[in-house]
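This report goes through a cavity, a pocket, some charged pairs and a few individual residues. The sequence and the model are shown first.

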Amino acid sequence: MNVFDTTRVIRTNILGLVENLTEKQLNTIPEGYNNNIVWHLGHVLATQQLLSYGLSGIEILLSDNIIEEFRKGTAPKTPYSDEDIEELKSLFIEVIDRTEQDFNDEVFEQFNSYPTSFGVTLNSIEEAVSFNNVHEALHMGIIMAMRKLV
């Protein structure tokens with residue numbers, strides 16, 4: 001199993017966690033939280049793109065709107081529609097498949113080092129795709145906790 005297979009397993013598990021939740025449940029911000037489950041879905045997508053394509057100076061595969069809405073430091077401004085939610089879910093596997101293809105095609109030629117809030121500095125695309133799985137697993141855990149509160 002390679003690092004991208006692990007990402008797909010995490011993302012498939014996340015999709016399974018949210019599969020039977022309603023639009024209202026997905027949009028609910030539980031007490032003590034500043035975001036909702038939909039935000040975590042978008043944040044996983046946006047962060048992966050920023051860590052790989054963004055730090056490599058390559059055009060990101062997601063819309064600017066998704067990046068701005070879900071990047072680190074953001075929070076939901078309004079409820080997300082079923083259409084918004086389905087768009088995010090549809091990108092989950094598609095985007096990681098494309099990233100793996102670009103990685104194998106050696107598209108990521110340069111990389112700008114980045115100190116993460118975890119205290120880890122990423123110095124290469126290999127480190128970024130590996131660290132991304134830690135990040136996504138963290139958000140999967142948060143989604144698991146939030147599901148019990150919505």
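How many nonpolar, polar and charged residues does the lining of the largest cavity have? The lining has 5 nonpolar residues, 4 polar residues and no charged residues. The model is a predicted one, and every value below is computed from it.

**The cavity**

A search of the whole structure finds 1 cavity of 30 Å³ or more. The volume of the largest cavity is about 50 Å³. Its lining is made up of Phe-4, Thr-7, Gln-48, Leu-51, Ser-52, Ile-96, Ala-128, Val-129 and Asn-132. Two or more of the lining residues come from each of H1, helix H3 (37-54) and helix H6 (125-147).

Gln-48, one of the lining residues, is found in helix H3. Is Gln-48 buried or exposed? Gln-48 counts as buried, because its relative accessibility is 3% and the cut-off for buried is under 20%. Apart from neighbours within four places in sequence, Gln-48 is in contact with Arg-11, Val-95, Ile-96, Thr-99, Asn-132 and Glu-136.

**The pocket**

The largest pocket has a volume of about 370 Å³. Its lining consists of 16 residues, and those nearest the centre are His-43, Thr-47, Lys-72, Tyr-114 and His-135. By class, the lining of the largest pocket divides into 8 nonpolar, 6 polar and 2 charged residues. Which element gives the largest share of this lining? That element is H3, with 5 residues. H3 and H6 each supply at least two residues of the pocket lining, and both also give two or more residues to the lining of the largest cavity.

**Salt bridges**

Side chains of opposite charge can pair when their charged atoms come close. The structure holds 7 salt bridges; the table gives some of them.

| Pair | N to O distance | Relative accessible area |
|---|---|---|
| Asp-97 and Arg-8 | 2.7 Å | Asp-97 36%, Arg-8 17% |
| Glu-68 and Arg-71 | 3.0 Å | Glu-68 47%, Arg-71 29% |
| Asp-102 and Arg-98 | 3.2 Å | Asp-102 8%, Arg-98 44% |

Asp-97 and Arg-8 meet in a salt bridge through their side chains. Asp-97 lies in helix H5 (residues 82-104) and Arg-8 in helix H1 (residues 3-18), so this pair ties together parts that are 89 residues apart in sequence. Within the pair, Asp-97 is partly exposed, whereas Arg-8 counts as buried. Both residues belong to a network of salt bridges that links Asp-5, Arg-8, Asp-97 and Glu-100.

Asp-102 counts as buried, while Arg-98 is partly exposed. In the pair formed by Glu-68 and Arg-71, Glu-68 is partly exposed and Arg-71 also counts as partly exposed.

**Two threonines**

Where is Thr-28 found? Thr-28 is in the loop between helix H2 (23-27) and H3. With a relative accessible area of 27%, Thr-28 is partly exposed. Its side chain reaches the backbone oxygen of Lys-24 at 2.7 Å. Leaving out neighbours within four places in sequence, Thr-28 is in contact with Asn-35, Asn-36 and Val-150. Thr-28 and Met-146 are 118 residues apart along the chain, and their C-alpha atoms are separated by 9.1 Å.

Thr-121 has its place in strand E2 (residues 121-122). Its relative accessibility is 40%, and Thr-121 counts as partly exposed. Beyond neighbours within four places in sequence, Thr-121 is in contact with Ser-113, Tyr-114, Pro-115 and Glu-127. One of these contacts, Tyr-114, is also among the residues that lie nearest the centre of the largest pocket. Thr-121 and Phe-131 are 10 residues apart in sequence, with 9.7 Å between their C-alpha atoms.

Methods: Residues are numbered from 1 along each chain as its sequence is written. This is a predicted model: local features need pLDDT of at least 70, side-chain atom pairs count only at pLDDT 80 or more; totals for chains, interfaces and linings use all residues. Side-chain values use heavy atoms; hydrogens and water are left out. A salt bridge is a side-chain nitrogen of Lys or Arg within 4 Å of a carboxyl oxygen of Asp or Glu. Helices (H or I, at least four residues) and strands (E, at least two) are DSSP runs, numbered from the N terminus. Buried means under 20% relative accessible area, exposed over 50%, partly exposed in between (1.4 Å probe, protein chains only). On a 1 Å grid over the protein atoms alone, a cavity is a set of points where a 1.4 Å probe fits but cannot get out, and a pocket is an open set with protein on both sides within 12 Å along at least five of seven lines; lining residues have an atom within 4 Å of a point. Grid points are joined across faces, edges and corners, and a volume is the space filled by probe spheres set on the points. Ala, Val, Leu, Ile, Met, Phe, Trp, Tyr, Cys and Pro count as nonpolar, Asp, Glu, Lys and Arg as charged, and the others, Gly among them, as polar. Contact means heavy atoms within 4.5 Å. A polar contact is a pair of N or O atoms within 3.5 Å; within protein, one must be able to donate a hydrogen and the other to accept it, and residues adjacent in sequence count only if both atoms are side-chain atoms.
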